[in-house]
Structures are given as structure tokens and as C-alpha cells.
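Trainee: I am new to this structure and would like a close look at a single part of it. Please start with one bond and then place it in its surroundings.

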Amino acid sequence: MPREKICSSATMKRRKCHMQHGIQDESCVQEELLEKKCFAETLCVKEAIEFYHQPMRKDADVKASCNTLVESFAFPEQILPDVIQKSDRDYCRKVVHKLAKCLHCVLGTELRDELP
């Protein structure tokens, strides 16, 4: 699939929001994160699964993934565990870095310049 077609719907929503609110406005955070998720799940499948879908803890009680912890400011409807442990933050920091590295490597400069 040509790069300009990857996540075109999410990209258009983000661009429309930026045109309405400006690129620096925090009103577009959800659109930016949803676009990032689309690119991640399309181009960095292994890393996206780890960030968006795998529980950050092996506990049977905690089902939250790293995106729940990292993106809770933008999606308050997501339920965080009652207690966030240092090990959760440390684990998620590594997962975020792996995902960011993958996205950086696979996206061309024309797309990278537009991502949040």
C-alpha cells in the first residue's frame, strides 16, 4: 500500500482538527494519538501489540496496557489500576521507546514531519 494511503482517514481527521484549532492546541490530542495508533498497528505490529494490547503486569488483576497508563490524560474514560507501581512505569517506558524507535525507522520524512 502506498504510504500516502496508510491511515489516510486518521490523518485527515488530525489535519482537520489542526486546521480548526491550530497545531499547538491541545484540542487535537486524541486525533494525534489515534493517528499514531493507526500507523503503529500498520507499520510496527509487534511493538503496537505490546503497547496497546498486552497487560503491563503479569498480575491476573491488572489488565491495563501501557497505552492506558501513558495516554490516560487524553482518554480519561480508560480505567487505570488503583496502584501504579514503579515497575509499571519502567516497563512502559521501555515499550514506548521501542514503539517510537520503530515508527521513526519505518516512516519516511514526509510522514514523520506531520506526526505528533
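Trainee: What is the torsion about the S-S bond of C7 and C38?

Mentor: The torsion is about -95°, so the disulfide of C7 and C38 is left-handed. Before going further, note that this is a predicted model, in which local features need pLDDT of at least 70 and side-chain atom pairs count only at pLDDT 80 or more, while totals for chains, interfaces and linings use all residues. Residues are numbered from 1 along each chain as its sequence is written, and side-chain values use heavy atoms, with hydrogens and water left out.

In general, a disulfide is a covalent bond between the sulfur atoms of two cysteines. Here the term is applied to a pair of cysteine sulfur atoms within 2.5 Å. The sulfur atoms of C7 and C38 are 2.0 Å apart. This bond links distant parts of the chain: C7 sits in the segment before α1 (8-21) and C38 in helix α2 (residues 29-43), 31 residues apart. The helix names follow DSSP runs numbered from the N terminus, where helices are H or I with at least four residues and strands are E with at least two. The two ends of the bond can also be described by their cover. A residue is buried under 20% relative accessible area, exposed over 50% and partly exposed in between, with a 1.4 Å probe and protein chains only. C7, at 9%, is buried, whereas C38, at 24%, is partly exposed.

Now the surroundings. The chain has six helices and zero strands, and its count of disulfides comes to four. If the bonded cysteines are numbered in sequence order, the pairing reads 1-4, 2-3, 5-8, 6-7. C105 is in no disulfide, and the nearest cysteine sulfur, that of C102, is 7.0 Å away. C105 counts as exposed, at 57% relative accessibility.

C102 itself is bonded to C44, with the sulfur atoms 2.1 Å apart. That pair links the loop between α2 and α3 (45-53), where C44 lies, with helix α5 (residues 86-106), where C102 lies, across 58 residues. The link of C44 and C102 is left-handed, with -95° about its S-S bond. Both ends are buried: C44 is at 1% and C102 at 13%.

The S to S distance of C66 and C92 is 2.3 Å. Their torsion is about -85°, so this disulfide too is left-handed. C66 is buried at 0%, and C92 is buried at 2%.

As for the chain overall, buried residues make up 35% of its 116 residues. Taking a contact as heavy atoms within 4.5 Å, 55% of contacts between residues at least 6 apart in sequence join residues at least 24 apart.
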